Amino acid sequence: MQSWKILLIESDEAIRNSATELLNSIRVDGLPVKATVTANPEEAILLLRSYCDFAVVIVDLNIQLEQEALELVRTIRCRLFNNRTRIIFCTHDPSYKPDKPLLHQLDVSEYRTKEDLLLEEELLQDCLVTNVRTFRNITKLEQTRNGLQSMIRAASSVFQLLNSMEQFSAGLALQLPEVLNCGRSGKLIESAALFMRDYTPESKIEIIGGIGDYESCAMGAISEDTIQKAENCLLNRTGIFIGSPQVFHFGNKTSGFALLIEGDLNITDGLHHELIEMFCNNISIAVSNIRSHQKTVDLNRAYRRFSGTD
């Protein structure tokens, strides 16, 4: 996110012009505010339908246009199902008081006079900081929920394929895009490989799933430089973020994982990193189960050959 998008619906042209200049001069947590302004509630609805990432909507509320303003808010909350965007009502008339229970029902964050909100930079700054941070926190909670749902879907699909490592790798390749891109918008991750190595002296690095350029899941199809990056990541238990591919390290008590991603995409934010680490830990358990299953199958075959019952 490069800026905080603010939508202002205001009928007075002079206030629109001054408020736009004021809004665009504000920064919240290091990012600039980018104001989109309209006098038309219908145009505002079209903008909100097209772009779901407005942090705050400031709505001109007066007696003549009260129903239009309330209908706009009902559309945001009940028809667009947008519960993240913060909504602020403002009015010219300090004596005008909208129905408070209705404001609570529609999740309207604040009610201010235009003189306070749109003409005083310090008050506007404080108001935007509070509401933008609330928008950001709600967004993170939604991403957490969506990410956990992705983990559950991916785990349930992959863990059904425990008969062989080949089947497991094929299933993992199908689920990696959803895991890596959960909670993302814009450019998505298209090429990635997941390497694994046990923390034992005799263990060797192996690729257990890949997408895009690494879809073949064959070590011979991957360049020596790429494999060396994964080896260094697993040996040092730390990521490599210079150049491409980037390498992220995950691990538990028994195994380490190196996740290679092509391009300049970064998953170092805490939420995304934790979700992928959770998935890798589950993969470690699944791989251990597959190996135990394969050992049991091999022992049964050896016993049948030895006993002559095969």
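Contact means that heavy atoms lie within 4.5 Å of each other. The structure shown is a predicted model, in which local features need pLDDT of at least 70 and side-chain atom pairs count only at pLDDT 80 or more, while totals for chains, interfaces and linings use all residues. Residues are numbered from 1 along each chain as its sequence is written, and side-chain values use heavy atoms, with hydrogens and water left out.

**First stop: Lys204**

Select Lys204, in the loop between β7 (192-198) and β8 (206-211); helices (H or I, at least four residues) and strands (E, at least two) are DSSP runs, numbered from the N terminus. Is Lys204 buried or exposed? Its relative accessible area is 69%, so Lys204 is exposed; the term exposed applies over 50%, buried under 20%, and partly exposed in between (1.4 Å probe, protein chains only). Not counting residues up to four places away in sequence, Lys204 touches Met196 and Arg197.

**Second stop: Arg84**

Move to the loop between α3 and β5, where Arg84 lies. With 16% relative accessibility, Arg84 counts as buried. Display the side chain of Thr139 as well: a polar contact of 3.3 Å joins it to the side chain of Arg84. A polar contact is a pair of N or O atoms within 3.5 Å; within protein, one must be able to donate a hydrogen and the other to accept it, and residues adjacent in sequence count only if both atoms are side-chain atoms. Leaving aside neighbours within four places in sequence, the residues in contact with Arg84 include Cys52, Asp53, Phe135 and Glu142.

Select residues 66-79, which form helix α3. At 1.5 Å a residue, its 14 residues should span 20 Å, and the end C-alpha atoms are 19 Å apart, which agrees; the expected span is 1.5 Å times one less than the number of residues. Among the buried residues of α3 are Ala69, Leu70, Leu72, Val73 and Ile76. Their cover includes β1 (4-9), α2 (41-50), β4 (54-60), β5 (86-91) and α4 (100-105). Just after α3, Phe81 takes a positive phi of about 55°.

Continue to α2, where Pro41, Ala44, Ile45, Leu47 and Leu48 are buried. Viewed down the axis of α2, these buried residues fall within an arc of 160°, so they line one face of the helix; the arc is that of the directions from the helix axis to the C-beta atoms. Turned away from this buried side is the face with the exposed residues Leu46, Arg49 and Ser50. What caps the N-terminal end of α2? Asn40 does, with a side-chain oxygen 2.7 Å from the backbone nitrogen of Glu42.

Select α1 (residues 13-24) and colour Ile15, Arg16, Ala19, Leu22 and Leu23, which are buried. Seen down the axis of α1, its buried residues lie within an arc of 135°, so they line one face of the helix. The face turned away carries the exposed residues Glu13, Ala14 and Glu21.

**Last stop: charges over rings**

Finally, show Arg237, which lies over the face of Tyr199 at 3.7 Å from the ring centre. The charged end of Lys5 sits over the ring of Phe54, 4.8 Å from its centre. A charge sits over a ring if NZ of Lys or CZ of Arg is within 6 Å of the ring centre and within 35 degrees of the ring normal.
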